[in-house]
Amino acid sequence: MDELRSLSQRALVSPVTFSLLFAFALAAAIVAITGGDPLAAGEEMFTGAVTGSGLRNTLGRAIPIIGMALAVSIAFRSGIINLGGEGQMVIGGLAGTIVAIYLPGPGFLIVPTAMVAGAVVGALWAMLPAYGQTKLRLPILITSLLLNYVARAITGYLVRFPLSDVSVTLATTRQVPETARMPKMPIFGGVSLSLILVILLVVLLWLVYTRTVVGYETQMAGFNMRSARYGGIDVEQRTVQVMVVGGAIGGLIGTHLIIGEALRFIDGELVLSGFAWTGLLVALLAVNRPIPIFVTGLFFSGLQIGGLAMQRNAGVSWRLSQVLQAVVIVAVACRLAIRRSDRPTAEAGETEAAGLGEV
Amino acid sequence: MFEQIFDTALFDSATRAMIPILLAALGGMICERAGVFQIALEGIMLAGAFAAVAGSYLALSSGVGVIFGMAAGMLIALALAYGTVTRRGDSIVLGIALNLLAMGLTGFLLPQLFDVRGVFQHPRIDGLDRIAIPGLSQIPWVGPVLFDNTIPTYLALLLVPALWVFLFRSPIGLRLRGVGERPLAAETLGVSPTVYKYGAVLASGALAGMAGAQLSLGNVVQFAENMSSGRGWVAVVAVMLGRAHPVGVVGACALFALAEALGFRFQGNGLPVQITDALPFVVTLIALVVARKRFARLLDLTTAG
């Protein structure tokens, strides 16, 4: 009982709770100011996310959001700011799509081959900024971000010219053949099999982080790179490793989004989805821990699916969900809390949400 | 061949490409000098572009539009200043989140306020006029490129020497640099780091907001979703490459702008738009590799210790 009380007290004064309330209040105010009805919008958002086909869609959308959050969190946890999730997802996704479309063979072989191809190309793309930092001392923060625009251009060119489906007016590849599609599981009316993959990744990362030397070493590098180096950890090698794993997951998710959802690689579609950036916000809010990432990812997915329902039924643009998500992170990063502290740095342990290790 | 590519029209389009990047980069430079890592420029520019179009639409005046753009930029900058200076939050996390906030907010307000998706064009939106400076605009080559432009363009070009004087020849500039380089020493001498950092971040908000206004009311007269399309990030790189020095920053910005203008030109010659769009970013990456010895400090800042 005491434990329960202390837990609820902690939740009450937690910056995350406050930030969520703050974000919802601000969102409601924005809706009201722009001429909408915040209560109706909120109701549509909630029912849209969990009732009817909403639950299936929430689970489906959570796959890329959680996946991209895991992808960037691996680097964040080591203090490496990988903003290149988008590029890794897009370029890996196209590689997987090419395999799915052009490789002949039975589905049980094509689907895994396509996923592996996506992961490998995503990892290779992530190696560019990784080696840029370890060999040339170029900050990953900047190079990984700039490479997103290069990845957009490369994939845009490929689907517009060599890979273009000339039978339609869109700049797109051909459709992924039926045998090469990611199967759907018969739960909640059809959720992609990739959900299992994402759950496995969550469990795997949790095990690696809590039970292995590699997990410990990568986190030490995140806390303090210099002391990690003194402790005999090869920081450069770890940098490349975490970037490669993150890029591979990005490529997996990109491939899933085509062979499991869109079925065509349409120019600009993956970028527009914003999954890489939503995932990044999830990783920040969950402080890079796999299980909180899973929960937060489901929550953010629900916000977006609910947002779409709100747009249909209450006439309020679903982009409000994006505003909400960003405001939560801004508020958490400002360490806003009900019990305001005059020494914000002293309670860093408690409020380290939305921090990148010790950046 | 050479003369066919490097003509007045090319430099004219390079100037237009440069001004938004330059305005944002000068703001980033002031922050860097005050010891604040400013990576919210992309979002501030986007918010500025939206607010400028909204202001111009409401008041039928491009001047009001520019003021709206600057105010919106300063509002986001205020959140950054409060978070990093007062609350001692992580400037990188805040910068990323504020960029995404600007993306979401402009994407939300566009259909909500103007009932359009993607692009907002309207005869009510008053664009920035080009004002030819009598005499100077008659100079061959340089005249039409530099002296027949919008007010934010002249302001950006004047700010380069003005900020040099401010930073290196004025007492306030000296104190600002002191706050950035030796915050403790500055504080001991009675210079409040809080005041100077707030000032620097707010100034960068006003400048990057104006950059957005130039983008949406000067270069074109419309707002398109995500129309800043990476220019704010290029400005962040320009600050790094230019070592936060006005002359270096303007040089870096000119390089990127020339790449953008060349890309545009090659597009006319049949090169696919996807390739030419990537040109400024490829040039930026190459410039980073060439000048890599310059930013060890940023690397230390972004890799935890």
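The radius of gyration is taken over C-alpha atoms, and the globule rule sets it at 2.2 Å times the number of residues to the power 0.38. With 305 residues, a compact globule would have a radius of gyration near 19 Å, and chain B, at 19 Å, agrees with that figure. The structure discussed here is a predicted model, and its overall scores are ipTM 0.91 and pTM 0.91.

**Chain A as a whole**

- Chain A contains 15 helices and two strands, and since its radius of gyration of 21 Å is close to the 21 Å that the globule rule gives for 359 residues, it is as compact as a globular protein of that length.
- The C-alpha trace of chain A spans about 60 × 60 × 35 Å along its principal axes, and 56% of the 359 residues in the chain are buried.
- When contacts in chain A are limited to residues at least 6 apart in sequence, 78% of them join residues at least 24 apart.

**Chain B as a whole**

- Chain B is built with 14 helices and four strands, and its C-alpha trace extends over about 55 × 45 × 40 Å along its principal axes.
- Of the 305 residues in chain B, 55% count as buried, and among its contacts between residues at least 6 apart in sequence, 73% join residues at least 24 apart.

**Confidence in the prediction**

- The average pLDDT of chain A is 88, with 92% of the residues scoring at least 70, while chain B averages 92, with 95% of the residues scoring at least 70.
- Where pLDDT is low, the predicted coordinates should not be read in detail.
- Among the elements of chain B, the lowest mean pLDDT, 58, belongs to helix α14 (residues 296–302), and the highest, 98, belongs to helix α3 (residues 41–59).

**Where the chains meet**

- The contact between the chains takes 48 residues from chain A and 48 residues from chain B.
- On the side of chain A that touches chain B, at least two residues each are supplied by α7 (140–160), α10 (225–230), α13 (275–285) and α15 (320–333) of chain A, and the largest share, 11 residues, comes from α7(A).
- By residue type, that side of chain A divides into 31 nonpolar, 11 polar and six charged residues.

**Nonpolar cores**

- The largest nonpolar core has 220 residues, and those with the most contacts inside it include Ile329(A) and Val330(A) from chain A, together with Ile21(B), Ala25(B) and Cys253(B) from chain B.
- Leaving out residues up to four places away in sequence, Ile21(B) touches Arg231(B), Val234(B), Ala235(B), Ala238(B), Cys253(B), Phe256(B) and Ala257(B).
- A second, separate core has five residues, among them Ala221(A), Met225(A), Ala228(A) and Val235(A).

- Asn226(B), in the loop between β4 (223–224) and α11 (231–241) of chain B, has a positive phi near 55° in a residue other than glycine, and it counts as partly exposed because it has 16 C-beta neighbours inside 10 Å.
- Ala244(B), in the loop between α11 and α12 (246–268) of chain B, has a positive phi of about 50° although it is not a glycine; this residue counts as buried because it has 20 C-beta neighbours inside 10 Å, and 20 or more is the cut-off for that class.
- Helix α12(B) has 23 residues and reaches 33 Å from its first C-alpha to its last, close to the 33 Å expected at 1.5 Å a residue, and it is followed by Gly270(B), whose phi is positive, near 105°.

**A loop residue in chain A**

- Thr172(A) is found in the loop between α7 and β1 (184–185) of chain A, and with 19 C-beta neighbours inside 10 Å it counts as partly exposed.
- Although Thr172(A) and Arg160(A) are 12 residues apart along the chain, their C-alpha atoms are separated by 6.5 Å.
- Apart from neighbours within four places in sequence, Thr172(A) is in contact with Val159(A), Asp165(A), Arg264(A), Phe265(A), Ile266(A) and Asp267(A).

Note on methods:
Residues numbered from 1 in each chain as written. Chains lettered and ligands numbered in written order. Predicted model: local features only at pLDDT ≥ 70, side-chain atom pairs only at ≥ 80, totals over all residues. pLDDT = per-residue confidence, 0-100. Contact = placed C-beta atoms within 7 Å. Nonpolar A, V, L, I, M, F, W, Y, C, P; charged D, E, K, R; others polar. Buried ≥ 20, exposed ≤ 12 C-beta atoms within 10 Å, placed from the backbone. Core = buried A, V, L, I, M, F, W, Y, C linked by C-beta atoms within 7 Å. Expected span 1.5 Å × (residues − 1).
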